[in-house]
Amino acid sequence: MSDKILMKHMAFFGYHGVFEEENRLGQKFFIDATLELDTKPAGLRDDMNLSVSYGDVYEVIKEIVEGKPLNLLEALAENIASEVLGRFSLIQGIKVTVKKPEAPVPGIFDYFGVEIYRKRDA
């Protein structure tokens, strides 16, 4: 599928990480999501009912990132992908990137992160 809705550099404050300080103090997380779906019907008819509201998807992602603390970025990405695919039946695939710019690693870096791709089971 080549049609996509792009959601880039969404910023949230969450409490994810392996270390107790991360769970207590929290930190910033940046999320990118690429939603794969057929946008042609919505585009031809100019009808939002034939597409997915990126505002609604944003709220789902926000709820997860700002919600229950998880140890791993991998778990955060999996939860986002699973919940979005579960709630929005028009989405056929999703790429999720989770970036952690304040990871507790001594060094100079932009961020550490994970990127996953999941698609709807046939």
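Select D32 and K99. Both residues are buried (under 20% relative accessible area; exposed is over 50%, partly exposed in between, with a 1.4 Å probe and protein chains only). Their side chains meet in a salt bridge, 3.0 Å from N to O. A salt bridge here is a side-chain nitrogen of Lys or Arg within 4 Å of a carboxyl oxygen of Asp or Glu. D32 sits in strand 2 (residues 27–36) and K99 in strand 3 (residues 93–100), so the pair ties together parts 67 residues apart in sequence.

You are looking at a predicted model, where local features need pLDDT of at least 70, side-chain atom pairs count only at pLDDT 80 or more, and totals for chains, interfaces and linings use all residues. Residues are numbered from 1 along each chain as its sequence is written, and side-chain values use heavy atoms, with hydrogens and water left out.

**Whole chain.** Zoom out. The protein chain has four helices and four strands. Helices (H or I, at least four residues) and strands (E, at least two) are DSSP runs, numbered from the N terminus. Their order from that end is β-α-β-α-α-α-β-β. Of the 122 residues, 39% count as buried.

**Strand 4 to helix 4.** Select R118 and E78. Their side chains form a salt bridge, 2.3 Å from N to O. R118 is in strand 4 (residues 112–119) and E78 in helix 4, 40 residues apart. Is A81 buried or exposed? A81 is buried, because its relative accessible area is 0%. From A81 to R118 the C-alpha distance is 6.6 Å, though 37 residues separate them in sequence.

**Along helix 4.** Pick R87 and E83. Their closest N and O atoms are 2.7 Å apart, in a salt bridge. The two are four residues apart in helix 4, so about one helical turn separates them. The structure holds seven salt bridges.

**The largest pocket.** Select I5, T39, A42, G43, D46, D47, M48, S51, V52, S53 and Y54, which line the largest pocket. Its volume is about 170 Å³. A pocket is an open set of points on a 1 Å grid over the protein atoms alone, where a 1.4 Å probe fits, with protein on both sides within 12 Å along at least five of seven lines; lining residues have an atom within 4 Å of a point. The volume is the space filled by probe spheres set on the points.

**Last stop.** Select L72, in the loop between helix 3 (54–65) and helix 4 (73–87). L72 counts as partly exposed, because its relative accessibility is 43%.
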